[in-house]
Amino acid sequence: LTVAVLISGAGSNLRALLEAANEPDYPARIVVVGADREAEGLAHAEAFGIPWFFVPYAEYPNREEWGDALRDQLAAWQPDLIVLSGLMRLLPASVLEPWAPRIINTHPAYLPEFPGAHGVRDALAAGATQTGASVIVVDAGVDTGPILAQERIAVLAGDDEASLHERIKPVERRLLIDVVRRIATGEIDLSAP
Ligand code: GRF
């Protein structure tokens with residue numbers, strides 16, 4: 001199974017996926033890493049000798065034209081699966097249509113709780129005593145697609161956004177690595193999750 005990973009930031013989840021895919025018995029291969037900006041996480045692709053690109057959102061007049069450029073980059077690699085791992089952009093239809101439903105996303109909350117760009121902050125603001133990590137299929141909504149895997153994580157007294165997010169990320173990584181493996185083996189059938 002060939003995989004393209006899209007990021008916007010540090011790419012710690014990407015790094016974990018690169019390490020997992022580096023194992024000879026892992027059934028998926030990351031063929032390219034893309035970003036919507038010159039993301040620090042692209043250095044992880046470089047370190048693993050994986051091609052990378054970025055399509056700077058700020059240089060396009062609108063989301064649709066940015067999406068067309070992103071789609072053209074991805075089309076060159078023909079990935080079987082697209083993994084959003086910290087991509088902080090909603091994908092326009094021009095990117096969703098060619099690959100849906102073979103696009104998955106990691107989210108640092110127990111969806112459908114706390115969707116959107118600030119799931120960790122929102123859980124804290126709501127005074128939640130527990131939150132979670134989720135891996136979902138990307139659809140046209142914001143974190144509304146079918147849930148492929150999720151796990152509860154306790155919110156501890158004294159947690160701030162950073163400490164809680166750092167406790168969530170390792171769970172996200174474990175779930176993501178396992179979901180990609182199960183998609184590659186056919187155990188998860190994305191056309192009918
Ligand atoms: C992850 O928690 C991801 O779910 C969220 O942003 C974070 C990205 O972290 N959308 P990193 O870039 O993988 O370190």
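**Exercise 1.** In this predicted model, which residues does Leu91 touch, not counting residues up to four places away in sequence?

*Solution.* Start with the contacts. Leu91 touches Trp66, Leu70, Leu84, Leu96 and Ile103. Leu91 sits in the loop between strand E4 (81-84) and helix H4 (93-99).

**Exercise 2.** Classify Leu91 and Arg63: buried or partly exposed?

*Solution.* Take Leu91 first. Its relative accessible area is 11%. Buried means under 20%, so Leu91 is buried. Now take Arg63. Its relative accessibility is 28%.

**Exercise 3.** Locate Arg63 and list its contacts, leaving aside neighbours within four places in sequence.

*Solution.* Arg63 belongs to helix H3 (residues 63-75). Its contacts are Tyr57, Arg89, Leu90 and Pro92.

**Exercise 4.** Describe the surroundings of the ligand, then its polar contacts.

*Solution.* Begin with the neighbours. The ligand is surrounded by 13 residues, and the closest are Gly11, Ser12, His165, Lys169 and Glu172. Move to the side chains. A polar side-chain atom of His165 is 2.6 Å from a ligand oxygen atom. For Lys169, a polar side-chain atom lies 2.8 Å from an oxygen atom of the ligand. A polar backbone atom of Thr106 lies 3.2 Å from a ligand oxygen. Finish with the area. Alone, the ligand exposes 370 Å², and the protein buries 91% of that.

Terms used:
Residues are numbered from 1 along each chain as its sequence is written. This is a predicted model: local features need pLDDT of at least 70, side-chain atom pairs count only at pLDDT 80 or more; totals for chains, interfaces and linings use all residues. Side-chain values use heavy atoms; hydrogens and water are left out. Helices (H or I, at least four residues) and strands (E, at least two) are DSSP runs, numbered from the N terminus. Buried means under 20% relative accessible area, exposed over 50%, partly exposed in between (1.4 Å probe, protein chains only). Contact means heavy atoms within 4.5 Å. A residue is near a molecule or strand if one of its heavy atoms lies within 4 Å of it. A polar contact is a pair of N or O atoms within 3.5 Å; within protein, one must be able to donate a hydrogen and the other to accept it, and residues adjacent in sequence count only if both atoms are side-chain atoms. Accessible areas come from the Shrake-Rupley method with a 1.4 Å probe; for residues, only the protein chains shown count as cover.
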